[in-house]
Amino acid sequence: MSALDNFLAQFKQISDVIIDSYFVCDHERNIVDFNRAFFSLLPRNIARGLKGKKCYDVLALNICQDRCIAQQCWTDKKQVRLDEIDGRPAGSEKPMRFILSAIPILDETGAPVGALEIQRDVTDEAVVQVKYQEMLDNEARERERLASQIRSRTKELLETNQTLLRVQKELLAYKKGLSV
């Protein structure tokens with residue numbers, strides 16, 4: 001039994017506890033196993049023939065060309081996590097955002113034979129975060145506009161107060177001139 005097959009046999013015993021989507025790929029980045037959540041990311045016609053397809057053809061991530069998470073975990077020989085990764089499942093027009101995590105699958109000599117990649121869909125959270133940031137920016141602009149308006153009106157009040165004091169002095173001086 002190969003190291004990859006051995007890993008799959010052991011992993012299958014606990015894989016049901018993983019609620020995020022995942023796939024296992026071999027060292028050539030061919031998908032050899034996946035869960036129902038990963039299957040559900042894709043249109044049925046693509047999802048039916050997943051095994052044997054290249055992972056980057058099925059889930060096009062913005063890191064696939066130059067920062068492949070599987071290759072990173074093979075190089076480092078440890079778990080790798082990447083946050084806020086943009087991607088698009090094959091056959092879908094809707095862009096998605098993921099938190100990715102991958103662990104290498106190594107043989108007895110320590111050579112990489114595959115990887116387990118887990119994808120957490122954080123698209124909705126990212127949209128909320130963008131909207132929240134826009135709201136904060138709008139609030140900051142409105143706060144600055146109101147502060148500017150208060151400064152302007154305070155300046156007008158001070159000028160009016162100065163004018164009133166000057167006129168009161170003149171009136172007082174005029175009254176003194178009449179009563180003498």
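Which residue takes a positive phi in the hairpin of E5 and E6? That's Gly 110, with phi near 90°, in a hairpin that has 5 residues between its strands.

## About the model

This is a predicted model, where local features need pLDDT of at least 70, side-chain atom pairs count only at pLDDT 80 or more, and totals for chains, interfaces and linings use all residues. Residues are numbered from 1 along each chain as its sequence is written, and side-chain values use heavy atoms, leaving out hydrogens and water.

## Strands around E6

Strand E6 (residues 112-121) runs antiparallel to strand E1 (residues 21-26), with 6 bridges joining them. Strand E5 (residues 96-106) also pairs with E6 in the antiparallel sense, over 9 bridges. Strands here are DSSP runs of at least two E residues, and helices are runs of at least four H or I, both numbered from the N terminus; two strands pair if DSSP finds at least two bridges between them.

Looking across to E6, you'll find Phe 23 opposite Glu 117 and Phe 98 opposite Asp 121.

## Aromatic pairs

The structure holds 4 aromatic pairs. Rings of Phe, Tyr and Trp (its six-membered ring) pair if their centres lie within 6.5 Å; planes under 30 degrees apart are stacked, over 60 edge-to-face, and the rest tilted.

Phe 23 and Phe 38 have ring centres 5.1 Å apart and planes at 55°, so they make a tilted pair. Because Phe 23 sits in strand E1 and Phe 38 in helix H2 (residues 36-41), the pair ties together parts 15 residues apart in sequence. Both are buried (under 20% relative accessible area, with a 1.4 Å probe and protein chains only; exposed is over 50%, partly exposed in between).
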